[in-house]
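Welcome, and please load the model in your viewer.

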Amino acid sequence: MPFSMTDVGFDRKGTPLLDGIDADVGQGRLTVVTGPSGAGKSTLLRLLNRLADPTRGHLAFNGRPLHEFDVLALRRRVVLVAQHPVLLTDDVAAELRVGRPDLDPADAADLLGRVGLPEELLHRPTAGLSGGQAQRLCLARALALQPEALLLDEPTSALDWAAAEVVLDLARTLTAAGTSVVAVSHDRRWVRAADSALVLDGGRLVEHGPPESLDYLPEGA
Ligand SMILES: Nc1ncnc2c1ncn2[C@@H]1O[C@H](COP(=O)(O)OP(=O)(O)OP(=O)(O)O)[C@@H](O)[C@H]1O
């Protein structure tokens with residue numbers, strides 16, 4: 001079981017943002033975390049690669065307490081793609097090589113294709129990219145690391161319908177190949193495509209199961 005959470009809680013300045021979370025995330029599964037704005041979804045995602053540590057409870061990765069992992073080593077295996085892209089270099093090819101200096105041009109072009117970006121972008125400066133292109137470039141940069149688990153925060157929030165479908169298909173392809181994907185999303189398509197969904201509300205896990213079993217379904221198409 002890649003992630004298991006037992007009575008996980010997280011407080012910020014004495015205010016509980018997450019409380020009593022009991023959930024498992026399955027290997028090679030698409031797990032979607034959904035729920036209303038401010039429910040604690042991004043906070044939960046951040047706990048999974050130690051951008052924050054739980055205040056209470058137990059959180060394990062592959063059966064070992066998460067806090068025992070070296071943070072940097074963990075973040076190569078469990079990679080988070082933030083909602084708002086942060087690009088670290090001046091050009092697209094360099095961006096893809098941030099965590100993989102050995103990445104060759106053919107692999108770099110392939111990564112762009114997987115996230116639905118044209119190969120020509122490889123030689124472009126990162127400065128001129130649109131928000132949606134930058135979001136997908138961050139996803140491609142994460143894929144370059146070949147993570148065991150991929151954590152996606154609103155991965156298609158800046159994308160049009162067709163581009164969002166490409167990313168959703170990619171998530172399915174990754175899970176079919178054994179990567180565990182945890183995605184925070186308000187988009188019904190992600191919830192419907194999930195193997196398992198966690199619904200948070202006010203920092204508590206209110207539903208957990210296959211999407212067809214949920215009472216909660218986000219608004220939208
Ligand atoms: N750095 C912070 N300082 C103070 N409060 C924070 C911080 N980060 C998150 N919060 C609060 O924690 C709660 C949960 O935030 P979180 O971003 O996890 O929710 P979310 O479910 O992802 O919301 P959304 O769908 O709007 O992105 C919110 O009330 C938010 O205001």
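**Stop one: the ligand**

Select Arg12, Leu17, Ser37, Gly38, Ala39, Gly40, Lys41, Ser42 and Thr43, which surround the ligand (C-beta atom, placed from the backbone, within 6 Å of it). This is a predicted model, in which local features need pLDDT of at least 70 and side-chain atom pairs count only at pLDDT 80 or more, while totals for chains, interfaces and linings use all residues. Residues are numbered from 1 along each chain as its sequence is written.

Now colour helix 1 (residues 41-48): three residues of the shell come from it, the largest share. Colouring by class gives two nonpolar, five polar and two charged residues in that shell (Ala, Val, Leu, Ile, Met, Phe, Trp, Tyr, Cys and Pro are nonpolar, Asp, Glu, Lys and Arg charged, and the others, Gly among them, polar).

**Stop two: the whole chain**

Zoom out and switch to cartoon to see seven helices and ten strands (DSSP runs numbered from the N terminus, helices being H or I of at least four residues and strands E of at least two). Along the principal axes, the C-alpha atoms fill a box of roughly 50 × 40 × 35 Å.

Select aspartate 7 in strand 1 (residues 3-12). Its phi is positive, about 50°, although aspartate 7 is not a glycine. Is aspartate 7 buried or partly exposed? It counts as partly exposed because it has 13 C-beta neighbours inside 10 Å (20 or more is buried, 12 or fewer exposed, in between partly exposed, with C-beta atoms placed from the backbone).

Finally, pick glutamate 154, in the loop between strand 7 (149-153) and helix 6 (161-176). Glutamate 154 also has a positive phi, near 45°, and with 20 C-beta neighbours inside 10 Å it counts as buried.
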